[in-house]
Amino acid sequence: MKDQIFSGPYYYGMKDLDVFKKTFINENRGKPLFLIRFENITGIEITGFLDLLRGDFYSCLDLEDISFGFHYFEKKGILLMGISPLFEWNIEKFPNIENAVGKFQQECLKNKLASFHFGVSRTQSNFISTNDEIFDELFGSSEKNLNDNLVRWSWTYYNKANTYISGSVHEAMIQPTVIFNPKTKTFSVKGGEVFVGGGAYIGYKDLINDIPADQDLNRIELLILEKLIIACDGAPGLLKFNISPQSLIDTFSNKEKVDRLKKLISAKNLNPDNVRFELVEKPYDESNYPLRDVCQAFYDHGMSFAADDFGVKSQSHQIVLDLGIMIKEFKLDPISFKFKIEEDQIKFLDNLAFIDYCKRLADNREAVITAEAVEDYDTFRFLMEHQIYQFQANILFGKMSIGDYKRDFDSFHSLSEEVIKEVLTDKILAEKQKRIGNVFRVATEAGLL
């Protein structure tokens, strides 16, 4: 009878850890996962405790869209209960598993049914990590939660961030990149940089503030990357995603994970050739694996890289030299062009020399230079005169939702140089552009097209 219960459909993996991992983790890719760890179970047999979990605890959850399974480490007396949605949980109705387990524990003690200790962990069953990696993350976190009430409360604090990362709402913002064609003298959108935001969070910093200090930020960065890629489903143009070199090394030194990311990109109706990773300026350690080898695996799939915040004082020069032709874009830091000639002649000449240096680097790699954070029309014209023709700046576009970007992308083309000048120099239109942050929309509403 005992073996029959433990091997039935409700108790998959009860005695086989690999079956538990496969059914609980691998078959729930992209969904949120909870692992509840029960220890020191007294006053009841394990089969009776399982019946309580499938009955009384299920009632505490007050949730119909749920699947769960169990694994029992008999020698250690540790029972694991895995919970995930059958379909998906809305971010507004995300279950409070921690509260439900606490309520269940109180009811068991009050009615003298059983006594136990518990720890709860949660993560997303993401598409890149292996079953073992995700299980180890959950298992270790559940032990921390059981042993440390402070960590337990930090997980409560973490609920909003983890709910956003693993919830069903796929939201993201994008700042379009505008390119000038000197032959036709027109501007068009060719893609953009994708950011956290648009709903649960205003931006990346707000999200990071909701993550406890004991969390692995490289893993969080991977989860955010997956979240943004999923949100971009079917988006046109060249899409750019920020990532730190250390996260690339730590996560993708295993080529199999690069292959998995490529499959995710393709599954979301995106062309790997239109995916670019912006390597942010952060120190990294290559003692275990070289960055170049990791990037080569991405490049072999058609993905490319950009040097972010590339400027006079940039630390990205070594990355540029190491990656060679894999660098297809230089994001020019404003420090390289924000100056007034009459105030600082030396800086003006130094920056001219640096821009010329960037152009040579770009030409050698068949790469482009993108000027970021251009704030005024004079600077905009200065860059154009020195053949910097690509811009990601609020003067042309602020951040917009991925949905609006996909809807309007086909209309973001062939805006003449004269129209851009009129919008940016006319006092009324310039104020409207600052407020709206969409030069194409402002020009259209002004009847300039």
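This is a predicted model: local features need pLDDT of at least 70, side-chain atom pairs count only at pLDDT 80 or more; totals for chains, interfaces and linings use all residues.
Local features need pLDDT of at least 70, side-chain atom pairs count only at pLDDT 80 or more, and totals for chains, interfaces and linings use all residues. Residues are numbered from 1 along each chain as its sequence is written, and side-chain values use heavy atoms, with hydrogens and water left out.

A salt bridge here is a side-chain nitrogen of Lys or Arg within 4 Å of a carboxyl oxygen of Asp or Glu. The whole structure holds 17 of them.

Start with helix α10, residues 255-267. Helices are DSSP runs of H or I, at least four residues, numbered from the N terminus. Select K255 and D259. Their closest N and O atoms lie 3.3 Å apart, in a salt bridge. The two sit four residues apart in the helix, so about one helical turn separates them. K255 is partly exposed at 45% relative accessible area; D259 is also partly exposed, at 25%. Partly exposed lies between buried (under 20% relative accessible area) and exposed (over 50%), using a 1.4 Å probe and protein chains only.

Next, go to helix α17, residues 427-436. Select E431 and K434, a salt bridge with closest N and O atoms 4.0 Å apart. E431 is partly exposed at 46%, whereas K434 is exposed at 66%.

Stay on α17 and pick K432, then E445. Their side chains meet in a salt bridge, 2.8 Å from N to O. This pair links distant parts of the chain: E445 belongs to helix α18 (residues 439-445), 13 residues from K432. E445 is partly exposed at 44%, and K432 is partly exposed at 21%.

Finish by selecting E193, E278, K331 and E372 together. Salt bridges with shared partners join these four into one network.
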